[in-house]
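Let's look at this model together, one question at a time. Have the sequence and the structure open beside you as you read.

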Amino acid sequence: MPITGTHPAPSHVLAHLSDPHLIAGTDLLHGRIDTREQLRRALERVEGCAEHIDALVVSGDLTDRGDAAAYELFLAMVTPVVKRLGCALVVTGGNHDERRAMARVLHGVDTDEPQDAVTHVRGLRIIAIDSAVPGYHHGGFSDPQYAWLTRELATSAEHGTILVIHHAPIVYRSPVMQLLDFREAGRLQATIEGSDVRAILSGHLHVTSFGTLGGVPVLVAGGVSYVDDVGAPRELLMAVDGPQSWNLVEVHPDHVVGTVVPVAQHETWPALSQAVQDHMATVPEPDQAEVFSRKPS
Ligand SMILES: [Fe+2]
Ligand SMILES: [Fe+2]
């Protein structure tokens, strides 16, 4: 009898990546980071995680310079993965993106309008809203975007709603990044209050972080490209080539769980000895929790 655990599998699983800052060509980001290789490794880890992924979510700063060539590279890298996984692709813009180039290449439309979109996956609604403010690095929504979100949230979805917003609507420790944060977080909080929004997936901070907006969890995926060194004093903004990561987001009927997955593949070994595995295989399912949890006397 294999070990089955004590809870049913999640209803939905999302792979949440952020901030690939993709650069077409041979330039390195900050003169150090091969952004193409970082995204390739992250996607490889998504495909290798053996979960059924319902949606690949990339929450902004898809490219570093917002040029068409970088979006074409993004599509060329992501599309085969999405096809192989048989999952939805959900993207939104960040402050390093440029709306017109992104809209042309990713959505096939020639416009400066944000490509806000709703994706339904077996009863789960994923709403991606572009929080990039044209001409600035801080984030926020326009009045029409707030009106659109309000209209969308007027109805609820069977499994609730996940929002995807590049600028994380939480207070981050870095004074520099606070200058570039999501403005009017209170307005966003009021907009989603009483709705079926179950979690907000964000990026921008280049570090794994968790917070709340009202009662809604905000899960921030660490950057795929580079990471903010939290070990440095908060007044500094120090980048580090590691530990890049993404979040595996598991949606259950009554809770949402985010788990950090490093982009780098480290050496692994079985944490359960073969003897323990062989013994557990003989234990009937109803007794597994008691047998496995009990310490030897
Ligand atoms: Fe970024
Ligand atoms: Fe950003």
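Predicted model: local features only at pLDDT ≥ 70, side-chain atom pairs only at ≥ 80, totals over all residues.

Residues are numbered from 1 along each chain as its sequence is written, and chains are lettered from A and ligands numbered from 1 in the order in which they are written.

Q: In what order do the strands of the five-stranded open sheet stand?
A: Strands here are DSSP runs of E with at least two residues, helices are runs of H or I with at least four, and both are numbered from the N terminus. Two strands pair if DSSP finds at least two bridges between them. The pairing in this sheet is mixed, and its order is β3-β2-β1-β12-β13.

Q: Which strands form the edges of that sheet?
A: An edge strand here pairs on one side only. That applies to β3 (88-92) and β13 (256-262).

Q: At about what angle does helix α2 run to β2?
A: Axes are lines fitted to C-alpha atoms, for helices over the stretch in contact, and angles run from 0 to 180 degrees between N-to-C directions. Contact between two residues means that their C-beta atoms, placed from the backbone, lie within 7 Å. Helix α2 (residues 68-85) lies across β2 and β3, and its angle to β2 is about 150°.

Q: How many residues link β12 to β13 in their hairpin?
A: The strands β12 and β13 run antiparallel, joined by seven bridges. One bridge pairs Trp246 with Val261 in β13. The hairpin between β12 and β13 passes through four residues.

Q: Which residue of β12 is the bridge partner of His16?
A: Strand β1 (residues 12-17) pairs with β12 in the antiparallel sense over five bridges. In β12, His16 has as its bridge partner Asn247.

Q: How many of the seven residues of β12 are buried?
A: A residue is buried if 20 or more other C-beta atoms lie within 10 Å of its own, exposed if 12 or fewer, and partly exposed in between, with C-beta atoms placed from the backbone. Strand β12 (residues 245-251) is mostly covered, and its buried residues number six.

Q: Why is one side of β4 and of β8 left without a neighbour in the sheet?
A: These strands belong to an open sheet of six strands with mixed pairing, in the order β4-β5-β6-β7-β9-β8. Both β4 (117-121) and β8 (209-213) stand at the edges, so one side lacks a neighbour because each has a single partner strand.

Q: Is Leu106 buried, exposed or partly exposed?
A: Leu106 sits in helix α3 (residues 99-107). Leaving out residues up to four places away in sequence, Leu106 touches Tyr71, Leu75 and Val91. Because Leu106 has 19 C-beta neighbours inside 10 Å, it counts as partly exposed.
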